[in-house]
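Open the model in your viewer and keep the selection panel at hand. Each stop below gives something to select and what to look for there.

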Amino acid sequence: MILCDCHNHSWFSFDGRGSIDEMCAGAWAAGVSIFALTEHYEFEDMDDATPYYLARHERRLKEMAEARHRWADRLELLCGIEMGQAHTHPEEARALANCGAFDVVIGSLHGIRPKRDIYRDFTYATLDECDMVYQQYFDEAMELIETGDIDVFGHFDYPLRMMRTCVPEASMLRWKDRMLPFLKALADSGIALEINTSGARRWQGRPGGEQWILEAYRSYGGKRIAVGSDAHRPADVGTGIEMAYRQLLSGGFDSVTVFRQRRPEQISIR
Ligand SMILES: [Zn+2]
Ligand SMILES: [Zn+2]
């Protein structure tokens with residue numbers, strides 16, 4: 001079985017805690033053989049993530065090329081970017097996505113308009129607030145799918161990470177009405193649905209690949225699933241990937257999608 005982990009951050013992200021080599025060593029130790037580093041680049045930047053990245057972009061590309069070579073007999077290292085809120089600056093985002101440096105472009109929402117950080121700018125004290133965040137989240141997600149030149153939609157369960165105290169269980173079912181059109185739009189667009197496995201080391205206790213989500217996406221003709229641990233330090237690389245594979249197999253998927261130079265390829269998970 002080939003373990004793919006296609007969403008990770010090294011210290012070339014403002015919040016990453018490992019060098020490229022240390023992250024590769026983490027991947028190698030976890031048995032990951034296709035490994036993407038997808039550093040943060042934010043539009044509507046709430047963390048100064050973008051100036052941090054831009055100051056290091058050239059150095060990063062150089063170190064990635066060296067590491068790709070150095071690790072070649074142990075794992076395949078892919079160079080990616082995680083763009084936050086790309087729909088707010090679609091032209092700039094398109095130019096970045098197509099600059100030629102990236103194997104994979106993840107589009108994520110870490111904030112919703114007007115420039116509100118999903119982690120920090122809400123209390124999630126009431127279900128009403130959770131519902132309000134997810135309503136707007138999916139509105140903006142639809143916009144991102146329409147306008148964004150992205151390969152993968154990252155962690156649809158990002159707000160859920162913060163909702164431990166107010167939602168009764170770790171499930172997206174509460175927002176099924178909003179989620180189904182989102183899954184259909186993703187399937188129609190060819191953008192891959194990411195099963196982010198960081199839920200396995202958070203309160204949710206498992207990756208986000210609920211059966212009803214996988215079945216709905218498949219029923220709409222969705223074929224592309226990306227998996228990523230969202231590791232920000234070496235020890236977290238690869239966590240939850242096998243669990244996600246089991247979810248996928250029981251949801252009727254026998255492969256995951258990996259992007260190389262932004263071209264999708266299916267990798268068997270059997
Ligand atoms: Zn991060
Ligand atoms: Zn993210």
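Which residues of the largest nonpolar core touch the most other members? Select Phe35, Met83, Phe153, Met172, Phe182, Leu193 and Leu248, out of 87 residues in that core. A nonpolar core here is a set of buried Ala, Val, Leu, Ile, Met, Phe, Trp, Tyr and Cys residues joined through side-chain atoms within 4.5 Å. Helix α5 (residues 127-147) gives this core its largest share, 8 residues.

Some ground rules. This is a predicted model, where local features need pLDDT of at least 70, side-chain atom pairs count only at pLDDT 80 or more, and totals for chains, interfaces and linings use all residues. Residues are numbered from 1 along each chain as its sequence is written, chains are lettered from A and ligands numbered from 1 in the order in which they are written, and side-chain values use heavy atoms, with hydrogens and water left out. Buried means under 20% relative accessible area, exposed over 50%, and partly exposed in between, with a 1.4 Å probe and protein chains only. Helices (H or I, at least four residues) and strands (E, at least two) are DSSP runs, numbered from the N terminus.

**Stop 1: Leu248 and helix α8**

Stay on Leu248. Beyond its neighbours within four places in sequence, Leu248 is in contact (heavy atoms within 4.5 Å) with Ile195, Leu214, Ile225, Val227, Phe253, Val256 and Ile269. Now select α8 (241-250). Its buried residues are Ile241, Ala244, Tyr245, Gln247 and Leu248. Down the axis of α8 they fall within an arc of 160 degrees, so they line one face of the helix. That arc is taken from the directions from the helix axis to the C-beta atoms. The cover over them includes β1, β8 (192-196), α7 (211-219), β9 and β10 (255-260). Turn to the face away from the buried side: exposed Arg246 and Ser250 sit there. Just after α8, Gly252 has a positive phi of about 95 degrees.

**Stop 2: strand β8**

Select β8. Here 5 of the 5 residues are buried, so the strand is largely enclosed by the rest of the structure. Ala192, Glu194 and Asn196 point one way, Leu193 and Ile195 the other. Strand β7 (residues 152-153) runs parallel to β8, joined by 2 bridges; strands pair if DSSP finds at least two bridges between them. Val152 has Ala192 as its bridge partner in β8.

**Stop 3: the zinc ion (ligand 1)**

What coordinates the zinc ion (ligand 1)? Asp15 (OD), His40 (NE2) and His232 (NE2) do, at 2.0 to 2.1 Å. Donors are N, O and S atoms within 2.8 Å of the metal (3.2 Å for Na, K and Ca); water is not among the atoms, so sites may look incomplete. The donor spacing in sequence is D-x24-H-x191-H. Asp15, between β1 (3-5) and α1 (20-29), and His232, between β9 (225-228) and α8, are 217 residues apart. Asp15 is partly exposed at 23%; His232 is buried at 19%. The zinc ion (ligand 2) lies 5.5 Å from the zinc ion (ligand 1).

**Stop 4: the cysteines**

Select Cys24 and Cys79. The whole structure has 0 disulfides, a disulfide being a pair of cysteine sulfur atoms within 2.5 Å. The closest cysteine sulfur to that of Cys24 is in Cys79, 11 Å away and too far for a bond. For Cys79 it is in Cys99, at 8.4 Å, again too far for a bond. Cys24 is buried at 0% relative accessibility, and Cys79 is buried at 3%.
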